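The following exercises are to be worked through with the sequence and the model in view. Each task is followed by a solution in steps.

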Amino acid sequence: WQPMLTFNLRDDMLVAKYARFYKQKLTRGEFLRMLRTTSVSALDVEAIVTYNSFDDLVHYYSEMSAMGDRKASFGLLDSYSNSSECVADEWGRIANTSVPFAVLQALDDPLVGWRTIGTDRPQQLVDSGKGNIMLLLTKAGGHVGWPLGLNPAANNWKWMSDSVRDFALAVDESMKSED
């Protein structure tokens with residue numbers, strides 16, 4: 001499935017929409033390497049890391065992740081790079097979250113496993129900082145889906161969208177009552 005997903009991401013998103021930008025910034029060799037990728041992580045390296053001048057894949061992932069400045073409990077990326085500096089504080093920048101922050105993750109996500117939260121101690125993550133983190137791990141839901149009913153296409157992303165809406169409304173209501 002990696003090559004199919006990679007080809008669609010590359011062709012539909014990067015090449016179809018942004019080819020002119022990539023051709024302007026990348027060398028011919030870099031552009032050709034991007035076109036020849038067969039995995040999402042290789043595409044991240046050739047298209048995102050190179051284009052945006054990140055040091056390497058781990059540097060890109062750590063900058064884009066709320067928990068990217070701490071060492072993952074599982075050592076998932078240890079063999080890929082030595083460039084990322086981990087913080088001394090166990091929880092890093094996520095513990096400094098100053099507004100309510102919801103993390104919604106399906107345990108059966110085939111692309112982004114639950115371990116991407118970076119810890120096998122989810123309750124301690126939630127308890128870190130000022131109490132602004134809400135972690136909702138569901139047994140099922142797949143990748144960005146949480147399909148509903150016999151015909152999931154009829155409801156699209158309703159469960160996920162409703163969950164996010166309800167969280168945002170609850171936060172808004174809570175902040176109004178504090179004023």
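A residue is called buried when its relative accessible area is under 20%, exposed when that area is over 50%, and partly exposed in between. The model used throughout is a predicted one.

**Exercise 1. Classify E46 as buried or exposed, and list its contacts.**

Solution. 
Step 1. Locate the residue: E46 belongs to helix α3.
Step 2. Apply the cut-off. The relative accessible area of E46 is 15%, so E46 is buried.
Step 3. List the contacts. With neighbours within four places in sequence left aside, E46 is in contact with L26, E30, R33, M34 and T37.

**Exercise 2. Describe the overall fold and the confidence of the model.**

Solution. 
Step 1. Count the elements: the protein has 7 helices and 2 strands.
Step 2. Order them along the sequence, which gives the pattern α-α-α-α-β-α-β-α-α.
Step 3. Consider burial and surface. Of the 179 residues in the protein, 30% are buried. The protein exposes about 11,500 Å², and 55% of this area is supplied by carbon and sulfur atoms.
Step 4. Consider the contacts with a separation of 6 or more: residues 24 or more positions apart account for 60% of them.
Step 5. Read the confidence. The average pLDDT is 81, and 84% of the residues score at least 70. Confidence is lowest in α5, with a mean of 80, and highest in α2, with 93. Over residues 79–84 the pLDDT stays under 50, and the model has 9 contacts beyond four places in sequence for this stretch.

**Exercise 3. Which residues make up the largest nonpolar core, and which elements give two or more residues to it?**

Solution. 
Step 1. Name the members. The core has 12 residues in all: L14, Y22, L26, F31, M34, L43, A47, I48, V49, F54, L57 and Y60.
Step 2. Assign them to elements. Two or more residues of this core come from each of α1 (2–25), α2 (28–35), α3 (40–52) and α4 (57–64). Helix α3 provides the largest share, 4 residues.
Step 3. Examine one member. Y60 touches D44, I48, V49 and F54, residues up to four places away in sequence not being counted.
Step 4. Look elsewhere. Another core, of 9 residues, lies apart from this one and includes I94, L125, V126 and L135.

**Exercise 4. Determine how the buried and exposed residues of helix α7 are arranged.**

Solution. 
Step 1. Helix α7 covers residues 158–178, 21 residues in number, and reaches 30 Å from its first C-alpha to its last, close to the 30 Å expected at 1.5 Å a residue.
Step 2. Identify the buried residues of α7, which are M160, D162 and V171.
Step 3. View the helix down its axis. The buried residues of α7 fall within an arc of 165°, so they line one face of the helix.
Step 4. Turn to the other side of α7, where L169, E173, K176 and S177 are exposed.
Step 5. Ask what covers the buried residues of α7: the cover includes β1 (101–106).

**Exercise 5. Where are W114 and M13 placed, and how accessible is each?**

Solution. 
Step 1. W114 is situated in the loop between β1 and α5 (122–127). Its relative accessibility of 25% makes W114 partly exposed.
Step 2. W114 and L137 are 23 residues apart in sequence, and their C-alpha atoms are 7.9 Å apart in space.
Step 3. M13 is in helix α1. A relative accessible area of 37% places M13 among the partly exposed residues.
Step 4. M13 touches N8 and Y18, residues up to four places away in sequence not being counted.

Definitions and conventions. Residues are numbered from 1 along each chain as its sequence is written. This is a predicted model: local features need pLDDT of at least 70, side-chain atom pairs count only at pLDDT 80 or more; totals for chains, interfaces and linings use all residues. Side-chain values use heavy atoms; hydrogens and water are left out. The expected span of a helix is 1.5 Å times one less than its number of residues. Buried means under 20% relative accessible area, exposed over 50%, partly exposed in between (1.4 Å probe, protein chains only). The arc is that of the directions from the helix axis to the C-beta atoms. Contact means heavy atoms within 4.5 Å. A nonpolar core is a set of buried Ala, Val, Leu, Ile, Met, Phe, Trp, Tyr and Cys residues joined through side-chain atoms within 4.5 Å. Accessible areas come from the Shrake-Rupley method with a 1.4 Å probe; for residues, only the protein chains shown count as cover. pLDDT is the predictor's confidence in each residue, from 0 to 100.
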